[in-house]
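Please keep the sequence and the structure in view while reading the points below.

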Amino acid sequence: MIRVNALVKNFGTLRAVDGVSFDINAGETFGLLGPNGAGKSTTINMVVGVLDPDAGSVEIEGASSPAQARRSIGVAPQSVSLYPELTALENLRFFASLYGYRGKTLAERVEWALDFAGVANRAGDRVGIYSGGMKRRLNLAAALVHEPRILLLDEPTVGVDPQSRNHIFACIEKLRADGLTIIYTTHYMEEAQRLCDRVAIIDHGRVLDLDTVPALIARHGGKAVVEVVLERPPITPVGGKLDGTTLRIETDDPVAEINALYADRTAFTAIEIRRANLETVFLSLTGRRLRDD
Amino acid sequence: MRNILAMAKKDLLLLWRDKFGVFWILLFPLMFALFFGSIFGGGGDGATSGMRVAFVDLDNTDGSRAFIDSLGAKDAIDVVTAPDGTPWTIDSARDAVLSGDAVAYVVVPEGFGETGGIAMFTGDPPEIEVGVDPSRTAEKGYLDGLLMEGSFRRLQSAFSDPASMRPDLAKLKSDVLADQNMSDQWRDSLVTLFGALDTFAGMADEAKQAEKAETGAAGSPDISPIHIRHADVVRRSSGPINAYEISFPQAIVWGIIGAAAGLAIMLVQEKSRGTWVRLRLGPHTTGHILASKGLSCFAACIIAITLLMLIGHFVLGVRVHSWISFALAVSCSAACFTGLMMIFATLGRTEQAVAGWAWGGMMPMAMIGGGMVPLVMMPSWMRSLSNLSPVKWSVYSLEGAIWRGFTIERMLLPCAVLLAVGLIGFCFGMLVLSRREG
């Protein structure tokens, strides 16, 4: 559905995007995961045609130019891209009207978007007085008001309270279930892990690896770690690394290791299993944490 | 085209919701028109609006009172009276000037009325003291001219009534004969002059009496160095010019400037808010978006002018000489400032930068173009410089339509200048902004 081929973008001497390539299938939720400044938003802007690449190409639904596929794309930019002086109703009516909606169809779409954002009861209020979470939800609804087949979400949960974040997650999961193709950029690995079918890990303008989350973890995350705090130092030697009374065991099967400890009647006060995640993957690929910046 | 209209409509709604913008587009121009309209002589209460002058009448004769009354009858002078209604003294009149209650005071000396206005021939005319507010020195010369005119009017009056002039001549003649400091030659000359004038007065009085007996009315000889006829240079179909008609063209231009600056800022605001990205992603080109900005600016200018003129017409009695010319002037002015809006929108990438460029650029245009001070009050070099300001051509075309009574042919030059500036500005802005968007 979307084919991105060797995109390059320079800003002066800075190479913001350096040969990014990926394919996205219809109905897939595709994550671009990387720290701030990694080149995610620049890539997105080139995908939707707001920025012209210095090299490379983008193909959307067979169209060789993003401009030809604009009707089928909805974008929720990183900043809240709404008119604060207008009401939620006026904002949505305006954006829907740009896509040719009129009369009853327009009213239906606006009503749907207001419900989707959870602001129907405050549709007549100016957006400027909305809370941050309400603005974010409306920002997402404005991207969907014209029924796009492809949705690009650029860091949709930045600066959002937990309640609104959960609302946004629920909305995205529903859209995903409805078969919408979603490109999701974030620097929150737990979001990518929860929402995305596949994730491209991007840093310094390059895709470091791209796959499903389990595959990425399997490839770069290493083994799970079982950490046990013992009641007393063991008399007989045990497997794993012992640091005082703390025992660390790296294993592919943490449950089997815990069963073995029970079987040996090893007395312990606490036990923790740490599985590899995307944070581990990013650390493994780049040598630094996602939120080092 | 529908999208252009939708975007332009949205911009107008945003502009209307912006209280700061509405102030500059509507309230400030209206305040400007009211303020300058009042200064130019509006006021609406029928009160005089001339230079406020306190007259100290030390002579207190029919002659001095007639002199003061003749000056007070002029539109240019407003005779002010003391707050308690008593006659001014020199001290109280000076205090009135110092406190700003009067622009100037004039002292009419004792003996002023006795000379009948012909004392100048003796070389010893009455001395009139004038004190002018130091902050109004520009009006000092103007007041001197008015006083001189009033004095000559007294002389003219004396010659118009020969019988009343004869006692004054007799007194002057006896004063001259009694003056020991005067040379004999000069004394002889004056005595001869007064004798001749007395003879003239006698003959003129006889002629006047004869004319009265013949026609039943006493004619008066038209004794004046020149006869001035004030012609109305304004082509009006009815009534005199309203002062607000003079101040409204300038006020309208301020409204247009406010609209253009507001829209230029709004264009950059779209980018800082991120809504520009949404607009770019719509099913239209960048050219369409920019065209909608131009359309909204043009419409905002037209709406601002319409609202101002509605208030001007129905509340302040502003009349338009030719509605066709007015429509032409309004359209061309709106087009001109739409072009300027596009130029200013290219000059910065932040709202602050564009606001600075827009107001910083259009203020000097207004200053030299007659948007603040009428062109007639400017020195000639600045009037020449004003030709470079679109504000001058806009004010000129609007004045032409409202009260100068321009024909369509005379409207062509200012309108052509305005259209050219608008077209160049719009094309330049479209080019730069489109290229910037890649």
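Helices and strands are here DSSP runs, a helix having at least four residues and a strand at least two, and they are numbered from the N terminus. By that rule, chain B holds 15 helices and four strands. The model is a predicted one.

**Chain B as a whole**

- Chain B has 438 residues, and 41% of them are buried.
- When contacts in chain B between residues at least 6 apart in sequence are considered, 79% of them join residues at least 24 apart.

**The contact between chains A and B**

- Chain A contributes 20 residues to the contact, and chain B contributes 17 residues.
- On the side of chain A that touches chain B, the elements giving two or more residues are β5 (73-76) and α2 of chain A.
- Of these, α2(A) gives the most, with three residues.
- Sorted by class, this side of chain A has 13 nonpolar, three polar and four charged residues.

**Helices α2 and α4 of chain A**

- Two packed helices are described by the angle between their axes and the distance between the axes.
- In chain A, helix α2 (residues 88-97) packs with helix α4 (residues 132-144) at an angle of about 25°, and their axes are 9 Å apart.
- Because angles under 35 degrees count as roughly parallel, α2(A) is roughly parallel to α4(A).
- The crossing in which α2(A) passes α4(A) is right-handed.
- From α2(A), the residues Ala88(A), Asn91(A), Leu92(A) and Phe95(A) meet Leu138(A), Ala141(A) and Ala142(A) of α4(A).
- Six of the residues in this contact of α2(A) with α4(A) are nonpolar, one is polar and none is charged.

**The nonpolar cores**

- Which residues touch the most other members of the largest nonpolar core? They are Leu92(A), Ala260(B) and Ala264(B), in a core of 155 residues.
- Helix α8 (residues 243-273) of chain B supplies the largest share of this core, 19 residues.
- Ala264(B) is in contact with Met341(B), Phe344(B), Ala345(B), Val354(B) and Ala358(B), if its neighbours within four places in sequence are left aside.

Terms used
Residues are numbered from 1 along each chain as its sequence is written. Chains are lettered from A and ligands numbered from 1 in the order in which they are written. This is a predicted model: local features need pLDDT of at least 70, side-chain atom pairs count only at pLDDT 80 or more; totals for chains, interfaces and linings use all residues. Axes are lines fitted to C-alpha atoms, for helices over the stretch in contact, and angles run from 0 to 180 degrees between N-to-C directions. Angles under 35 degrees count as roughly parallel, over 145 as roughly antiparallel, 65 to 115 as roughly perpendicular and the rest as oblique. A crossing is left-handed if the near helix is turned anticlockwise from the far one by less than a right angle, and right-handed if clockwise. Two residues are in contact if their C-beta atoms, placed from the backbone, lie within 7 Å. Ala, Val, Leu, Ile, Met, Phe, Trp, Tyr, Cys and Pro count as nonpolar, Asp, Glu, Lys and Arg as charged, and the others, Gly among them, as polar. A nonpolar core is a set of buried Ala, Val, Leu, Ile, Met, Phe, Trp, Tyr and Cys residues joined through C-beta atoms within 7 Å. A residue is buried if 20 or more other C-beta atoms lie within 10 Å of its own, exposed if 12 or fewer, and partly exposed in between; C-beta atoms are placed from the backbone.
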